[in-house]
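Please read the following report on charged contacts and on the space between side chains alongside the sequence and the model.

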Amino acid sequence: MIEVGRRIHEGLVYINGEPCTKTTARKATTCVHSRKPIKPGDWVYRPFGNSSIRSARWLASEVEAAERGTPTSTQDAGD
């Protein structure tokens with residue numbers, strides 16, 4: 001589950017207690033939440049600064065869905 005906290009501004013939000021910034025992926029990787037592939041150019045959130053999880057990436061669509069409370073394919077739909 002993605003725990004989305006206070007949004008500082010459009011591109012900076014707290015995810016699981018870490019300040020993260022929205023950017024485009026530079027290389028292929030995997031979303032730490034959904035395990036979906038991330039391709040270069042996809043919009044992602046990454047930790048801001050030099051944190052211990054600096055290589056983590058979250059698909060922006062997953063984070064923004066969690067903010068809205070909209071279930072994604074990996075979240076419980078509440079059935």
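## Salt bridges

Three salt bridges are present in the structure, a salt bridge being a side-chain nitrogen of Lys or Arg within 4 Å of a carboxyl oxygen of Asp or Glu. The model is a predicted one, in which local features need pLDDT of at least 70 and side-chain atom pairs count only at pLDDT 80 or more, while totals for chains, interfaces and linings use all residues. Residues are numbered from 1 along each chain as its sequence is written, and side-chain values use heavy atoms, with hydrogens and water left out.

Glu64 forms a salt bridge with Lys22, with the closest N and O atoms 2.9 Å apart. This pair links distant parts of the chain, since Glu64 lies in helix H1 (residues 60-68) and Lys22 in strand S3, 42 residues apart; helices (H or I, at least four residues) and strands (E, at least two) are DSSP runs, numbered from the N terminus. A second salt bridge joins Lys36 to Glu62, where the closest N and O atoms are 3.0 Å apart. Here too the pair links distant parts of the chain, with Lys36 in the loop between strand S4 (29-30) and strand S5 (37-38) and Glu62 in helix H1, 26 residues apart. Lys39 and Asp42 also meet through their side chains in a salt bridge, at 3.9 Å from N to O.

## Accessibility of the partners

## A charge over a ring

Besides its salt bridge with Glu64, Lys22 places its charged end over the ring of Trp43, 5.4 Å from the ring centre; the criterion is NZ of Lys or CZ of Arg within 6 Å of the ring centre and within 35 degrees of the ring normal.

## The largest pocket

The largest pocket holds about 220 Å³ of space. On a 1 Å grid over the protein atoms alone, a pocket is an open set of points where a 1.4 Å probe fits, with protein on both sides within 12 Å along at least five of seven lines, and lining residues have an atom within 4 Å of a point. Grid points are joined across faces, edges and corners, and the volume is the space filled by probe spheres set on the points.

Among the lining residues are Thr23, Arg26, Val44 and Arg57, and strand S3 (18-24) and strand S6 (43-47) each supply at least two residues of the lining.
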